[in-house]
Amino acid sequence: MNWLTNFVRPKIQALVGKETPDSLWEKCPSCEQMIFHRELEAAQRVCPHCGHHMRLRALARLTLLFDDGDYQRIELPEPTVDPLKFRDRRRYTERLKEAQQASGEKDATIVAHGKIGGAPAVIVVLDFSFMGGSMGMAVGDALIAAARLAVLQDAPMIAIPSSGGARMQEGILSLMQLPRTVIAVDEVKEAGLPYIVVLADPTTGGVSASFAMLGDVAIAEPGALIGFAGARVIEETIREALPEGFQRAEYLLEHGMVDMVTHRHALRETLIRLLALLRDKRPAAEIVPLPGTSMGVGDSSTSGGASKGAQNDKEKAEQKEPEKPDEGDDPDR
Ligand SMILES: [Zn+2]
């Protein structure tokens with residue numbers, strides 16, 4: 001920070017217009033290549049050079065997943081502001097106000113409904129840019145609202161967490177959101193509706209210890225950090241070096257904590273396929289009798305203790321010579 005950046009740069013920016021090299025180019029945090037801003041947005045913020053998945057804002061996620069990017073948001077309950085009158089270096093109310101002004105949202109969660117693959121669905125998404133996507137009472141409220149909406153609409157619920165954990169400024173009240181969100185998920189499951197979680201970078205702390213890990217299907221974005229405590233804390237506790245890629249989506253897939261790691265470009269198609277499979281109550285194909293079993297159904301009891309192979313052979317023989325009686329003349333014996 002000096003005279004050049006504070007004074008000269010804004011003046012130049014005002015002269016040449018809004019678009020300066022800073023806003024036109026973005027550096028990939030993984031491969032450090034410079035990416036043209038518009039190119040990056042078109043690629044859904046996936047680095048075209050190394051495939052690194054950058055964080056995505058909540059609204060962009062909704063546009064990405066719903067059919068034609070078309071959805072309706074629902075009004076969420078007015079958040080209770082600063083119940084503990086919390087203050088660290090700054091007041092909680094100040095931090096909250098700042099996040100609200102920067103995002104235009106009241107809190108870190110957005111609940112929307114629309115269609116995915118032609119079928120209704122409810123999505124609840126956390127925005128990491130709003131106070132680290134931390135879970136306070138408002139996020140708990142949003143999860144409950146989303147669950148009840150899903151039940152009301154007989155629609156599956158999809159949660160997309162991206163959060164540092166519980167909101168410490170709300171103390172015990174934020175911890176109470178853990179059981180609260182679990183109950184919300186239970187309401188969806190009790191109604192026999194699918195609950196799918198898309199774990200985005202990062203999903204940690206209290207969020208990973210509650211609704212984020214309860215999906216019927218757990219999908220993770222490539223490279224996403226997913227875990228409860230930070231790697232450094234774990235290392236200091238167990239006094240052991242942690243393996244390469246610890247707490248990353250691919251590591252969790254290898255160890256059975258998530259069901260699939262899905263590229264962002266394939267996410268919508270994957271969800272459509274999953275929902276179709278989970279919601280389709282009809283059998284996958286027309287039911288036809290297995291070949292060789294249609295004729296011998298009534299006779300199967302007569303074969304007594306004969307092995308299955310022998311039984312099948314017998315039935316084949318019967319098919320060839322249906323007029324023969326079924327006792328004592330098995331040609332294979
Ligand atoms: Zn990259």
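Predicted model: local features only at pLDDT ≥ 70, side-chain atom pairs only at ≥ 80, totals over all residues.
**The zinc site.** Select the zinc ion together with C28, C31, C47 and C50, whose SG atoms coordinate the metal at 2.2 to 2.3 Å. The angles subtended by the four donor atoms run from 108 to 110°, so the arrangement is tetrahedral. Along the sequence, the donor residues follow the spacing C-x2-C-x15-C-x2-C. Next, display the surface around two of these cysteines. C47 is buried, with a relative accessible area of 3%, whereas C50 has a relative accessibility of 37% and counts as partly exposed.

**Strand β2.** Now select residues 34–36, which form strand β2, and centre the view on F36 within this strand. F36 is partly exposed, at 28% relative accessibility. The C-alpha atoms of F36 and L24 lie 5.9 Å apart, although 12 residues separate the two in sequence.

**Helices α4 and α12.** Finally, select residues 58–65 for helix α4 and residues 264–279 for helix α12; their axes come within 9 Å and cross at roughly 55°. Angles between 35 and 65 degrees count as oblique, and α4 and α12 are therefore oblique to each other. To see the contact, show the side chains of R61, L64 and L65 in α4, which meet R264, L267, R268 and L271 in α12. By class, this contact comprises four nonpolar and three charged residues, with no polar ones.

Note on methods
Residues numbered from 1 in each chain as written. Heavy atoms only, no water. Donors = N, O, S within 2.8 Å, 3.2 Å for Na, K, Ca; no water. Tetrahedral: all angles 85-135°; square planar, octahedral: opposite > 155°, others 65-115°. Buried < 20%, exposed > 50% of the residue type's maximum accessible area, 1.4 Å probe, protein only. Axes fitted to C-alpha atoms, helices over the stretch in contact; angles between N-to-C directions. Helix = DSSP H or I, 4+ residues; strand = E, 2+ residues; numbered from the N terminus. Parallel < 35°, antiparallel > 145°, perpendicular 65-115°, else oblique. Contact = heavy atoms within 4.5 Å. Nonpolar A, V, L, I, M, F, W, Y, C, P; charged D, E, K, R; others polar.
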